[in-house]
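Please look through the sequence and the model below before reading the report that follows.

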Amino acid sequence: MSTTHPSVNTSESFRGIQRTVHVLHNSEQPASVFAILESGTKVVPLIADGLFDLLMLKMTSVYTSKKQTKIESKGPRFEIGDFCVKLGSVTMSQNFKGVLVEVEYRPCVVPSSAWELIREFLQGFLGSAVSNQAPQYLQNRMNDIYQPMDTIQQYLEHFGQYRKATGVI
């Protein structure tokens, strides 16, 4: 079974002020559009319905669009007991950039309660490549209830790393 994991398009520069809007879609939440506005040190997350894409098209007179380099992670999704594993082939402008592995422990919504189990599960098939520490994004959110926006934020972080590795920011 093949699913599309998040993909991102980026737009920039609202009325001469440098701000970046990342628009992401996730097949796990098909009715939602995720947007993250970055302005200096401030980050504003937004979850909207599919009409948000149309709104962004109508706003082209207000912002200048950066070269629309689409980056996406696409691949199979597996359910193994209480775990959901997604293997994503990351492509940017149709060029392969790498593989992302996403693991979710479904019975638990608090990362601190599930991290050790997820880490042990990942080490079972990825070995020592798995860090003992939770991902950077989660480290300050370990006791919060995990939300879909947390997944989106992590994908955006990884996509940013792929863009920097290829010189596209």
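## A residue in helix α3

Q153 has its place in helix α3, where helices (H or I, at least four residues) and strands (E, at least two) are DSSP runs numbered from the N terminus. With a relative accessible area of 16%, Q153 is buried, since buried means under 20% relative accessible area, exposed over 50%, and partly exposed in between, with a 1.4 Å probe and protein chains only. Leaving aside residues up to four places away in sequence, Q153 touches I36, V43, P45 and Y137, a contact being heavy atoms within 4.5 Å.

This is a predicted model, in which local features need pLDDT of at least 70, side-chain atom pairs count only at pLDDT 80 or more, and totals for chains, interfaces and linings use all residues. Residues are numbered from 1 along each chain as its sequence is written, and side-chain values use heavy atoms, with hydrogens and water left out.

## The largest pocket

The largest pocket has a volume of about 1,200 Å³. On a 1 Å grid over the protein atoms alone, a pocket is an open set of points with protein on both sides within 12 Å along at least five of seven lines, whereas a cavity is a set of points where a 1.4 Å probe fits but cannot get out. Grid points are joined across faces, edges and corners, and the volume is the space filled by probe spheres set on the points.

The lining of the largest pocket consists of 40 residues, and V101, E102, V103, P135 and Q154 lie nearest its centre, where a lining residue has an atom within 4 Å of a point. Two or more lining residues come from each of β8 (95–105), α2 (111–126) and α3 (148–165). By type, the lining divides into 23 nonpolar, 11 polar and 6 charged residues; Ala, Val, Leu, Ile, Met, Phe, Trp, Tyr, Cys and Pro count as nonpolar, Asp, Glu, Lys and Arg as charged, and the others, Gly among them, as polar.

## The loop between β7 and β8

S93 lies in the loop between β7 (83–92) and β8, and Q94 is also found in the loop between β7 and β8. Although S93 is not a glycine, it has a positive phi of about 55°, and Q94, likewise a residue other than glycine, has a positive phi near 70°. S93 counts as partly exposed because its relative accessibility is 42%, whereas Q94, at 79%, counts as exposed.

## Cysteines

The structure holds 0 disulfides, a disulfide being a pair of cysteine sulfur atoms within 2.5 Å. C84 counts as buried at 1% relative accessibility, while C108 counts as partly exposed at 23%.
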